[in-house]
Amino acid sequence: MSRKNGSLSSRTRFGPMEWVWLVILSIGLLLIVYPLFWTVMSSLKSYNEIYNSVWNLPRQWLWENYAKAWQKGISSYFKNSLIVTVSTVFSVLFIGSLCAYGLSRYQFKGSRIFLLLCMGGMMLSPQVCLIPLYKLLQFLNIHNTYFAMILPYVAFRLPITVLLIRTYFLSIPKELEESATLDGCTPFGIYARIFLPISKPILLTCAVLTTYYSWNEFLFSIIFIDSDSLKTIPAGLMNFRDALQTDWGVLLAGMVIAALPIIILFIFMQKYFIRGMAAGSVKG
Amino acid sequence: MTHKKRRLAPLLFIAPCMIILLVFVYIPLVQNFIFSTESFSAFSATKEFVGLENFKTLMKDKVVYTALRNNVYYAIISIICQVGGGLILAAVLEDVAFRKISPVFRTVFFIPVLISMTVICLLFSFIYHPQIGLLNSFLRQIGLDGLARQWLGSSKTAIFAVIAMSQWQSTGYIMMLFIVAIQKIPEDLYEAARIDGANKLQCFFSITFPQVREMLFVTMVTTTIGAFTVFNEPYILTKGGGPGTSSMTLAVHMYQSAFVRDRMGYASAIAVLIFLICITLALLQLLALGNDNSEAKTTKKRRNAK
């Protein structure tokens, strides 16, 4: 991330302007960090303590809030989120890389149209298709099943995934493919044995972005799922809040559990995260 | 390989993707236009054709205007805070003076982007809470009791409280995009400017700003599209656009028309309105980027010619 070291001797001096900016940046830091810190801190408090001394550290560290949150529903939401996210990621990667291979390795009539269909899909907001999708899922009889989330997620993640992988595939030298063909490799063999293995960085990038999307997706999951037992974390937390009423400590513990996986993923995969977001910045 | 097989192969590779896109994106998109001319409920088998009736209702619906106004507020404030603020933050953090500490700042500023909107909304419902809320409690402690109020309970402040939360969450995202864009600027441009005696502000306006122009445009369009499709924030934080309809947005109004009032046809008409706004913005971006791309190509050619 950091820039290559140029000559910076005269520019690294900290003048008054730099101090002003440092103060502004630190206030910004505090504005972001404090609410997050407060969430974690209050998740270890009882309702009374949150209510009466909102700023103070917990007198008693109630770790059992986490156990309670886990037992009272978060475990099931967590499991659903895992199932939906993993299925979405694998489907998107497989279908998307297949399509990217077809679009990048062949010249054929209509390939431009298919490419445009992908780009158009990237621009489209899910809100616009919401009602027909709802009707479609009812018609297919998969409303209120995992598929009601997985299929739309896959559909809305495919465009950006195809475009990212296609760009990567285009950079793979043609000779590699030609020599494999001479060795008797089928097109699918070339895709599976040559293209996929050398495209790990971009596949990881797409996997990370799709995980981020499906873990946090909210709109589809509240509309296409009715049963509490099938809800993913973002939708489930709403029910969780209503069920707990004033058990704030437990609610906050649930919120921390919900947020942690993606933050941890980011810490380990920061490079892929940012690369993908920048490349896909044409749309979210 | 036979000739026919050779022609069929690419289609086999792209077929699964295209079928999914057609079934779950493009056909619903077209269907939405048809639905907008009909009147029906969620579980009804029949639909009644009503022509442009839904759009006439739309024009007369006061809530639509409230929602549009809120979406416009959302867009304006988001462009100023997220795009403007994000660019300034990125430029400052990429300044050599902050090189050592900037990774900490940019990671922290990015954390809210990673957290799901539900969690953030629940957190802000604590921050805005009239009794225990951190915001009111903070205002009272620094002696600004007069400013403490029911942030989400008053129809005057609710939408701004929602918008403020969005800025808190998303500024870091736009900042990160600008950081990536700034890092792509060749160092020798700054080098040359320094030799010419340019100060940091001059460097920003004559190098950084023109060099990130494309990203500036992209982020402005994405932020605006985001502002016109915003759903989660008002849906969760003000429980569907409350109090009354004061913090309604188009997407929430569409959701409520469809799934609360069961007027699916009318909701589709609202979706058409959202679509028209978004497609206009997206085309604007395509047009501008198309021009930019051709510019980029010519500069590349020039560089190659050297």
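**Figure 1. Helix H5 of chain A and its buried residues.** In this predicted model, H5(A) buries Leu130(A), Ile131(A), Pro132(A), Leu133(A), Tyr134(A), Lys135(A), Leu136(A) and Leu137(A). Buried here means under 20% relative accessible area, exposed means over 50%, and partly exposed is anything in between, using a 1.4 Å probe and protein chains only. With eight of its 10 residues (130-139) buried, the helix is largely enclosed by the rest of the structure. Helices are DSSP runs of H or I with at least four residues, strands are runs of E with at least two, and both are numbered from the N terminus.

Figure 2. Asn141(A) sits in the loop between H5 and helix H6 (147-170) of chain A. Its phi is positive, about 65 degrees, although Asn141(A) is not a glycine. Asn141(A) counts as exposed, at 66% relative accessibility.

**Figure 3. Phe78(A) in helix H3 of chain A.** Phe78(A) belongs to helix H3 of chain A and is buried, at 18% relative accessible area. Leaving aside residues up to four places away in sequence, Phe78(A) touches Trp70(A), Trp215(A), Ile233(A), Ile257(A) and Pro261(A); a contact means heavy atoms within 4.5 Å. Trp55(A) is 23 residues from Phe78(A) along the chain, and their C-alpha atoms are separated by 30 Å.

**Figure 4. Thr85(A), also in helix H3 of chain A.** Look for Thr85(A) in H3, which covers residues 64-105 of chain A. Thr85(A) is buried, with 5% relative accessibility. Its contacts, not counting residues up to four places away in sequence, are Thr211(A), Ser214(A) and Trp215(A). Trp215(A) also turns up among the contacts of Phe78(A).

**Figure 5. Chain A as the setting for these views.** Chain A has 12 helices and zero strands. Its radius of gyration, taken over C-alpha atoms, is 24 Å, well over the 19 Å that the globule rule gives for 284 residues, so chain A is more spread out than a compact globule. That rule is 2.2 Å times the number of residues to the power 0.38. Along the principal axes, the C-alpha atoms fill a box of roughly 75 × 65 × 35 Å. Of the 284 residues, 56% count as buried. Among contacts between residues at least 6 apart in sequence, 73% join residues at least 24 apart.

**Figure 6. Helices H3 and H10 of chain B crossing.** The axes of H3(B) (residues 62-93) and H10(B) (residues 213-229) come within 8 Å and cross at roughly 150 degrees. Axes are lines fitted to C-alpha atoms over the stretch in contact, and angles run from 0 to 180 degrees between N-to-C directions. The two helices are therefore roughly antiparallel, a label for angles over 145 degrees. Residues that meet across the contact include Leu68(B), Tyr74(B) and Leu87(B) in H3(B), and Leu216(B), Met220(B) and Phe228(B) in H10(B). By class, the contact has 11 nonpolar, six polar and no charged residues; Ala, Val, Leu, Ile, Met, Phe, Trp, Tyr, Cys and Pro count as nonpolar, Asp, Glu, Lys and Arg as charged, and the others, Gly among them, as polar.

**Figure 7. Asp262(B) in a loop of chain B.** Asp262(B) lies in the loop between helix H12 (250-259) and helix H13 (264-305) of chain B. Its phi is positive, near 60 degrees, in a residue other than glycine. Asp262(B) is partly exposed, at 33% relative accessibility.

**Notes.** Residues are numbered from 1 along each chain as its sequence is written, and chains are lettered from A and ligands numbered from 1 in the order in which they are written. Local features need pLDDT of at least 70 and side-chain atom pairs count only at pLDDT 80 or more, while totals for chains, interfaces and linings use all residues, and side-chain values use heavy atoms, with hydrogens and water left out.

Notes. Parallel < 35°, antiparallel > 145°, perpendicular 65-115°, else oblique.
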